[in-house]
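Biologist: Before we begin, could you take me through this model step by step, giving the reasoning behind each answer?

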Amino acid sequence: CSPDRAVERDRSMIPKHPLAEAAATGVDTPHLNFQVFYDSAVMQSAVTVVCDQLRSAFDHDFQVHTLWSHFQQLADAHYVREAAEVAAQADVVIVATTCRDSLPGGLARWLGSWLCQQQKPDAMLCGVFLDVPGGGSRQPPVAAMLRAAASLTGRAWLAGWVRQPPEAVPS
């Protein structure tokens, strides 16, 4: 499963305490923190729509903060550690991938590091997957791995599928 070449790699590291910095921006309004991992422009676009809908639904009650990471960024071991620490404190972690059978190396390293972190209580892990035509939205092995990770961390699990026309499905 290869990352989309159209998405440029952001070489910047995650801020030291991005969720704490975000929380410092408002005193009276509670914060809702998302961390999104994606592997392609298709999946980033799909999750952007979901995040925008959530932001509009919660904007009156929460300050919503989203931190985005492309799977390519997870090639850097330092970035993996920092992303795992940040994700452990996020309210919602979203993994959006076209991969079905196995986790890409960087995501697998991040997942291993994330599982070792003290997790925020009452948080959620979401998987967003590409619905392959004729696949019947059956759960891919990657979803089962992420669901198991949610269970190990005590997070709620939610899975969703993005429908694409057959010509958009990666081979």
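Modeller: Gladly, and one term comes first: a residue counts as buried when its relative accessible area is under 20%. Please keep in mind that this is a predicted model.

Biologist: What share of the 171 residues in the protein is buried?

Modeller: The protein has 5 helices and 5 strands, and from the N terminus on these elements run α-β-α-β-α-β-α-β-α-β. Among the 171 residues of the protein, the buried share is 42%.

Biologist: On which side or sides of helix 2 do Met 43, Ala 46, Val 47 and Cys 51 lie?

Modeller: These residues of helix 2, Met 43, Ala 46, Val 47 and Cys 51, are buried. An α-helix has 3.6 residues a turn, so residues three or four places apart point the same way.

Biologist: How are the rings of Phe 37 and Trp 110 arranged: stacked, edge-to-face or tilted?

Modeller: A search of the whole structure finds 4 aromatic pairs. Planes under 30 degrees apart count as stacked and those over 60 as edge-to-face, with the rest called tilted. The ring centres of Phe 37 and Trp 110 are 4.4 Å apart and their planes are at 45 degrees, so this pair is tilted.

Biologist: How many residues apart in the chain are Phe 37 and Trp 110?

Modeller: Phe 37 belongs to strand 1, whereas Trp 110 belongs to helix 4. The pair therefore links distant parts of the chain, and the separation is 73 residues.

Key
Residues numbered from 1 in each chain as written. Predicted model: local features only at pLDDT ≥ 70, side-chain atom pairs only at ≥ 80, totals over all residues. Heavy atoms only, no water. Buried < 20%, exposed > 50% of the residue type's maximum accessible area, 1.4 Å probe, protein only. Helix = DSSP H or I, 4+ residues; strand = E, 2+ residues; numbered from the N terminus. Phe/Tyr/Trp six-rings, centres within 6.5 Å; stacked < 30°, edge-to-face > 60°.
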